[in-house]
Amino acid sequence: MNEIRSQATPEVTAASKVGIGDGDIHPARKGPKDFHPWLAKRWQDHINEYGSPGRQGWQVGPAYPKSQPNASRRDAYPPEGGRPGSSLEFMQRQHLDANNIELGILNPLGSGQGVQNPELSAALCHATNEWQLAEWTSKDNRLRASVVVPYEDPVASAAEIRRYAGNPAFVQVLLLSRTAEPMGSRKYWPIYEAAEEAGMPVGVHAFGYGGNPITPGGWPSYYIEEMTGHSQSQQAGLTSLVIEGVFERFPALKMVMIEAGFAWAPSLAWRLDKHWKTLRSETPHLKRLPSEYLREKVWWTTQPMEETESPTRLAETIEWMGWDRLIFATDYPHWDFDDPAHVLPMKISEEQRRAFFMGNARKVYRGCAG
Amino acid sequence: MTALPEGAIDCDIHPSVPSVQALMPYLEDHWREQVVMRGIDELNSISYPLNSPLTCRADWKPASGRPAADVATVARQALDPFRTSVAIANCLYGVQLLFSEDMGAAFARAVNDWMVKEWLDKEPRLRASIVVPTQNVEMAVDEINRCAADKRFVQVLLLVSGDTPLGRRHHWPIYAACEKHGLAVGIHAGSSYHNPPTPVGWPSYYTEDYVGQAQAFQTQLTSMICEGVFTKFPHLKVVLLESGFTWLPAHLWRLTKYWRGLRMEIPWVDRAPGDIVRSNVRFSLQPVDGPPDQESLLKLFDHMQSDELLLFSTDYPHHQFDGNAALPNGLSAELARKIAIDNPRATYARLMETVG
């Protein structure tokens with residue numbers, strides 16, 4: 001899938017002239033011991049003896065085997081060894097320098113979110129947050145961290161958010177989209193309250209294991225169905241956020257939907273509006289059309305960018321959402337990486353280009369106005 | 001409002017079973033006794049709460065009882081005003097929700113026999129879908145074979161959300177039977193509620209459940225394409241009913257991108273998902289979850305890349321539009337004719353056998 005480019009030549013492409021914001025970079029651990037400086041001996045032993053299972057059956061690995069080892073680009077293995085994404089120096093050379101990334105948002109995966117044991121989940125998330133500071137943001141000032149929270153325990157999550165509320169290295173709160181209950185459920189409101197208070201958007205990355213089948217009709221057979229299905233999961237999560245009234249209750253809350261596509265947003269907005277108009281007696285707590293909440297409170301990262309048969313159709317779809325809604329993202333170092341030099345197939349204005357590649361990100365992420 | 005051509009074929013109307021009493025003459029002795037002994041009052045799914053503003057349009061609501069519960073009312077409200085030549089009755093009685101396979105099969109037989117005697121025999125403009133007990137595929141196939149001799153059954157009716165995704169191979173005998181008999185596969189909004197209605201669990205509000213039907217359809221389209229249903233059954237027609245359709249272009253863009261990257265996992269899918277949809281999958285018109293402006297709707301039709309995908313429907317008695325405005329504004333007369341007449345005829349093989 002990926003074009004292999006020589007890593008040591010940071011070519012400046014047409015797209016990268018403006019300086020790029022990347023809303024989805026995945027730093028990886030070199031090994032499990034990376035977290036040990038911040039993980040109590042008790043939890044180190046616990047993981048050794050019992051593992052850290054979530055709501056799926058494998059001891060190790062995702063429910064559906066990925067298409068590539070670690071879902072990663074074949075060319076993203078650091079020369080010194082280790083998993084793709086585990087070497088800051090190689091990430092700098094292959095990605096940050098080469099693609100002129102001026103602002104990179106770290107979204108650590110496999111970091112304790114969705115782990116069934118609630119205390120272990122909280123301990124792992126906290127270790128992940130400290131590790132981001134120690135190993136990443138303190139070493140490269142282009143990178144910003146996400147507060148990884150054990151979202152099935154919203155009270156512990158809110159405490160974790162408040163712990164980093166004063167630390168400018170953290171610019172968003174990170175959830176995974178496959179929650180155990182729909183994301184707008186009252187159970188999760190302490191997270192939104194703390195995020196709003198800290199001035200951080202809540203990013204919702206695809207994946208996670210809430211234990212529910214990824215379709216309302218049961219478990220599908222294939223990885224491609226799971227990958228495609230993240231878009232439906234995020235649509236369901238957003239529907240819940242809107243209909244439950246989260247945006248009424250927390251008016252300054254911002255959401256960023258990560259790695260689940262964006263072209264579905266206009267259709268979801270139209271459908272919500274149409275049926276809410278018929279059924280509005282059920283939700284008197286909503287004061288505005290559902291589409292208005294989406295239009296003002298929600299952003300979408302672009303990768304994996306929908307590929308349309310004609311560039312006009314992509315442009316028209318983005319026009320329906322607004323050019324101010326999209327945050328460019330690469331998903332480095334994963335296999336379905338989007339290259340900023342090739343991601344936009346059509347001519348757009350300089351203003352749109354700047355918003356798409358950097359301006360929107362600077363407006364959304366806390367303290368990144370530059 | 002775009003004028004509806006005379007003789008339109010309405011591909012989705014919903015006659016109601018007025019009460020379990022109405023089915024009693026069509027249930028076998030054992031099940032009749034079960035109904036009485038166990039106090040089984042009704043099998044109406046939460047998909048359409050009786051008095052919700054969506055379940056029945058205000059001007060179609062009866063003084064008491066369930067809407068669309070007798071043939072004279074349906075003719076007066078759903079057929080005459082639209083000058084409909086043929087309407088396909090999709091009965092949404094909650095047969096698929098039952099956990100017992102045997103009870104599901106018994107109620108499916110009763111609903112289908114009731115449909116023949118109380119509706120098809122009394123109103124020549126009506127056709128119907130065969131309700132099947134999806135709890136057990138062999139029983140579902142038996143019911144298809146039992147009903148298929150009556151050519152007024154033009155389709156087999158499935159709910160979009162059941163126990164397992166509809167592409168899964170154990171469902172394939174249903175599709176083989178449909179292909180053999182020239183029946184379309186109609187997949188309608190609704191759930192057996194054996195899984196949570198969203199991929200992230202049970203929602204708090206009915207609005208979420210109803211809006212979420214579109215996501216359920218997206219996942220089923222993915223399943224049927226990826227499992228290879230259309231490679232195995234190239235002549236099968238699948239009709240998504242009350243699904244919405246404005247989500248289709250974005251869904252196909254995503255699925256096609258992943259198909260390009262991951263087709264090694266499903267090598268039997270030898271055509272792009274969009275090509276498969278254009279040859280084998282159709283969508284009922286209502287609800288039009290469309291953009292508010294006419295110009296955007298026309299752009300969306302361009303994104304769908306075919307004028308053969310939509311089949312006229314009113315979704316009677318559900319409240320999707322007011323008055324007679326069943327077609328959205330701004331359609332050309334040519335497109336209106338295709339949606340109202342040509343596309344349904346091309347989709348339902350049996351319509352051409354039973355309609356002149």
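Helices here are DSSP runs of H or I with at least four residues, strands are DSSP runs of E with at least two, and both are numbered from the N terminus. Keep that in mind as we walk through the two chains.

This is a predicted model, in which local features need pLDDT of at least 70 and side-chain atom pairs count only at pLDDT 80 or more, while totals for chains, interfaces and linings use all residues. Residues are numbered from 1 along each chain as its sequence is written, chains are lettered from A and ligands numbered from 1 in the order in which they are written, and side-chain values use heavy atoms, with hydrogens and water left out.

Chain B has an average of 97, and 99% of its residues score at least 70. For chain A the mean is 94, with 95% of residues at 70 or more. A contact means heavy atoms within 4.5 Å.

Now let's look at the sheet of chain A. Two strands pair if DSSP finds at least two bridges between them. Eight strands of chain A make an open sheet with parallel pairing, in the order β1-β2-β3-β4-β5-β6-β7-β8. The edges belong to β1 (20–25) and β8 (326–327) of chain A; each has a single partner strand, so one side of each lacks a neighbour in the sheet. Helix α2 (residues 88–97) of chain A packs on this sheet, where it touches β1, β2 and β3 of chain A, and its direction makes about 130° with that of β1(A). Such angles run from 0 to 180 degrees between N-to-C directions, using axes that are lines fitted to C-alpha atoms, for helices over the stretch in contact. Zoom in on β2 (residues 101–106) and β3 (residues 143–148) of chain A, and you'll find two bridges joining these parallel strands. One residue to look for is A:G104, whose bridge partner in β3(A) is A:L143.

What about chain B? Eight strands form an open sheet here too, paired in parallel and ordered β1-β2-β3-β4-β5-β6-β7-β8. At its edges stand β1 (9–13) and β8 (310–311) of chain B, each with a single partner strand, so one side of each is left without a neighbour in the sheet. Further in, three bridges link the parallel strands β6 (residues 238–241) and β7 (residues 281–284) of chain B. B:V238 sits opposite B:V281 in β7(B). Helix α10 (residues 273–280) of chain B packs on the sheet and touches β6 and β7 of chain B, its direction making about 65° with that of β7(B).

On a 1 Å grid over the protein atoms alone, a cavity is a set of points where a 1.4 Å probe fits but cannot get out, whereas a pocket is an open set with protein on both sides within 12 Å along at least five of seven lines; lining residues have an atom within 4 Å of a point. Grid points are joined across faces, edges and corners, and a volume is the space filled by probe spheres set on the points.

Of its 22 lining residues, B:N44, B:Y48, B:R66, B:L92 and B:Y93 are the closest to its centre. Strand β5 (residues 184–191) of chain B gives the most to this lining, with three residues.

The second largest pocket has a volume of about 910 Å³. Its lining has 33 residues, and the closest to the centre are A:K277, B:V288, B:G290, B:P291 and B:P292. Which helix gives the most to this lining? That is α8(A), with eight residues.

Finally, two spots in the backbone of chain A. A:Y332 and A:P333 are joined by a cis peptide bond, with omega about 5°. A:A71 has a positive phi near 55°.

Technical notes: pLDDT is the predictor's confidence in each residue, from 0 to 100.
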